[in-house]
Amino acid sequence: MKTVLTLFLSVFALCAGKAQKTIEFPSEDGLMITADLYPNSEADTFILLFHQAGWSRGEYLEIAPKLNAMRYSCLAVDLRSGGKVNSIVNKTNSVAVKDGKPTEFVDALQDIAATVAYVKQNYKPKKIILWGSSYSSALVLKYGGDNPTGVDAILSFAPGEYFGSKNYITKSVSGINVPVFITSAKAEHNNWKKIYEAIPTTKKTYYLPKTKGNHGSRALWTKFADSEGYWNAVTDFLKNT
């Protein structure tokens, strides 16, 4: 089964033009960030993919090649707050722990900012789209609110007030003026309903499955029977962004 999956993902990457490769670049405090680059020579848009709590860039092993095939270049990033998923260890977290750098959720915001800056400087895409999962899905919303001209769209998979401070994310999103897409498991709607309402842009939409659904970007993994509904909603949003 692993061999079949590896072949499947390789075909996706090759069809996109170039094979996936792992790169490194510094965060705002000098910590080296590890990320997987999925380039597409026909793409003018970069999607920056950030993982959920305790995980790594491995969350996007299946997702990134599909976005690649849709003519997007992708960068799946290891944030400093994380661990391991799909046999992929979070290298940014490992280095942060070794160097004594802070690794709480909120500390990863500087990694997101550094990723945006790195992609702008080195690849100069026409558009940049932020994509977050769980805690990072809240951070990409905060980044968008704090930097109204920083990116061109945001996808947020299961955001919430995960950071201790009351309304930390809700207060920040008032500055967002780009298209926003939010989704989650069905039971998680109340976690982000007020956040969604506080986003002023009229170019916002959300998706809730009729089924139980799943938390974070893993909702798109094909092993889940209801993943197609999520993919349809994501595809519609990207087509209209």
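This is a predicted model: local features need pLDDT of at least 70, side-chain atom pairs count only at pLDDT 80 or more; totals for chains, interfaces and linings use all residues.
Helices α4 and α5 form a contact. Helix α4 spans residues 109–123, and helix α5 spans residues 135–146. Their axes come within 10 Å and cross at roughly 60°. The two helices are therefore oblique to each other. The crossing of α4 past α5 is right-handed. On the α4 side, the contact is made by Leu 109, Ile 112, Ala 113 and Val 116. Helix α5 contributes Ser 136, Leu 139, Val 140, Lys 142 and Tyr 143. Seven residues of this contact are nonpolar, one is polar and one is charged.

Helix α7 comprises residues 189–198. Its buried residues are Trp 192, Ile 195 and Tyr 196. These residues lie on the same side of α7, because they cover an arc of only 100° around the axis. The face turned away from this buried side carries exposed residues, namely Asn 190, Lys 194 and Glu 197. Several elements cover the buried residues of α7. Among them are the helices α5 and α6 (168–172). The strands β9 (180–183) and β10 (204–207) are also included in this cover.

Glu 188 is located in the loop between β9 and α7. Its relative accessibility is 14%, below the 20% cut-off, so Glu 188 counts as buried. Leaving aside residues up to four places away in sequence, Glu 188 touches Ala 158, Asn 214 and His 215. Thr 149 is 39 residues from Glu 188 along the chain, and their C-alpha atoms are separated by 29 Å.

Two further loop residues have positive phi values. Arg 71 is a residue other than glycine, with phi near 70°. Arg 71 sits in the loop between α2 (63–69) and β4 (73–77). With a relative accessible area of 54%, over the 50% cut-off, Arg 71 is exposed. Ser 134, likewise a residue other than glycine, has a positive phi near 60°. The loop that holds Ser 134 runs between β7 (127–133) and α5. Ser 134 has a relative accessibility of 7% and therefore counts as buried.

Technical notes:
Residues are numbered from 1 along each chain as its sequence is written. Side-chain values use heavy atoms; hydrogens and water are left out. Axes are lines fitted to C-alpha atoms, for helices over the stretch in contact, and angles run from 0 to 180 degrees between N-to-C directions. Helices (H or I, at least four residues) and strands (E, at least two) are DSSP runs, numbered from the N terminus. Angles under 35 degrees count as roughly parallel, over 145 as roughly antiparallel, 65 to 115 as roughly perpendicular and the rest as oblique. A crossing is left-handed if the near helix is turned anticlockwise from the far one by less than a right angle, and right-handed if clockwise. Contact means heavy atoms within 4.5 Å. Ala, Val, Leu, Ile, Met, Phe, Trp, Tyr, Cys and Pro count as nonpolar, Asp, Glu, Lys and Arg as charged, and the others, Gly among them, as polar. Buried means under 20% relative accessible area, exposed over 50%, partly exposed in between (1.4 Å probe, protein chains only). The arc is that of the directions from the helix axis to the C-beta atoms.
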